[in-house]
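Reader: Here's one I'd like to go through slowly with you. Pick a single part, take a close look at it, and then carry on from there.

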Amino acid sequence: MMKSVSTWKQELSSGAHAARLASLYCCAPEETAPQAARYEAALNGLETTFGPHAEAGLYSAPGRTEIGGNHTDHQHGRVLAGSVNIDMIAAAAPNSLNQLRVQSEGYDLCVISLDDLTARKEEENTTISLLRGECEAFRQRGAELAGLDVYISSNVPKGSGVSSSAAFEVLIGVILNDCFMTDKVSPIEIAQIGQWAENVYFGKPCGLMDQMASSVGNIITIDFADPAHPDVEPVPVDFSKAGLALCILDSCADHADLTDEYAAVPAECRAVAAVCGGEVLRDVPFETFLAKLPECRRQCGDRAVLRAFHIYADNDRVAKQVTALREGDFGTFLRLVNESGHSSWEYLQNVIPAGYKEHQEMGVTIAAAKHYLNGKGAVRVHGGGFAGTAQAFVPVEMLADFKKNMEAILGEGRCHVLSIRPEGGAVL
């Protein structure tokens, strides 16, 4: 939705969007002034970077938290995930250059010509590749693309396991959908476009959970048995009413040099599936896997076999978590979260990168969180693992001490207390 920049600024400063912002950021309307200021700063950044514009639109895409199903999505399994109340926002405005120009705060300007949207090998692992891929995906769906300037600001920590990359992909998708699609695509399709761009253009074999959680919003369970048509169901729950705070713990470890570690997980699981006659583990009944276990060990190695054990068990755990949440059985839910965490560390082996000795930040983060929870709540590795974040469900009466103690170890601001956001990618 485009409006004049001056109109946006007047409305933001007067509180005209307070109710909308309160919903997006899980706070009272009278607490939304800092969020309104973020959007006003994005408008200023747009014009400082690209010059004055007659009109602009404002957009948001949230980070996400994976609640259940660690690495199950790429095996066409089940996941439980939610959008959270930290996000990437953007101000976007037309230009006459037939270029998509994107300035993310603190990063280099990215520019692509809309005349050539073919994938380029030399652009793999770059932001430009994602932009080019998403534009091509929308072009294939009938978008009449035209020049656009975009200024992005984020409070989703990069490399934190809250999926800043998925938020970026969803944000670009929401903008292109709003500006150029006569027949709007669904939030599910926006997520699929982001995954396609990341797989084909960026060169990363990611699953679809991150993009789906950011795009669809709230807490959802997703069954990827048919990945082209995933089954998405809402799971309404308010953790605060159960006396639980959702914390994301930044381990301070970086994902930068771990691409091979991440790629090995789906590759090894697919290798096991192939021995058992399937493409992914969801194609293979567990009993068949057990019967083929000696052959899987010989052909794929024991780590691959252990990872398959995790995938089967965590896939089953998601269904049990959904049932527990819908029944308000938070004791069972927390037990299953802890079980998932144990399985990820012991079987999936995505807590400590292979060969790392001096740097085991994620392991230390989980060990410290378990100590301070003292048998209460739950903690687990979060997202891709190896680096980034752990997730903890903390009884609210323990939250202040837990946050203080964890930040004494990890550093100030490393324990993020978040809320589940009721909406995914959004046009303000």
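Author: A quick term to begin with: a helix here is a DSSP run of H or I, at least four residues long, and helices are numbered from the N terminus. Bear in mind as well that this is a predicted model.

What lies over the buried residues? Just after α1 comes Gly15, with a positive phi of about 85 degrees.

Helix α8 (residues 259–275) packs against helix α11 (residues 302–326) at an angle of about 85 degrees, and their axes are 9 Å apart. Angles of 65 to 115 degrees count as roughly perpendicular, so α8 is roughly perpendicular to α11. On the α8 side, the contact is made by Glu261, Ala264, Val265, Glu268, Cys269 and Val272, and α11 brings Arg303, Ala304, Val305, Arg307, Ala308 and Ile311. Sorted by class, that contact of α8 with α11 has 8 nonpolar and 4 charged residues, with no polar ones.

Now for the cysteines. Searching the whole structure turns up 0 disulfides. A disulfide needs two cysteine sulfur atoms within 2.5 Å. For Cys247, the nearest cysteine sulfur belongs to Cys415 and is 4.0 Å away, and Cys247 is in no disulfide. Cys247 is also buried, at a relative accessible area of 0%. Cys276 is in no disulfide either, and its nearest cysteine sulfur, that of Cys296, is 3.6 Å away. Buried means under 20% relative accessible area, so Cys276, at 11%, counts as buried.

One last stop is Asn199, in helix α6 (residues 187–202). Asn199 has a relative accessibility of 30%, so this residue counts as partly exposed. If you set aside the neighbours within four places in sequence, Asn199 is in contact with Lys204, Pro205 and Cys206.

Definitions and conventions
Residues numbered from 1 in each chain as written. Predicted model: local features only at pLDDT ≥ 70, side-chain atom pairs only at ≥ 80, totals over all residues. Heavy atoms only, no water. Axes fitted to C-alpha atoms, helices over the stretch in contact; angles between N-to-C directions. Helix = DSSP H or I, 4+ residues; strand = E, 2+ residues; numbered from the N terminus. Parallel < 35°, antiparallel > 145°, perpendicular 65-115°, else oblique. Contact = heavy atoms within 4.5 Å. Nonpolar A, V, L, I, M, F, W, Y, C, P; charged D, E, K, R; others polar. Buried < 20%, exposed > 50% of the residue type's maximum accessible area, 1.4 Å probe, protein only.
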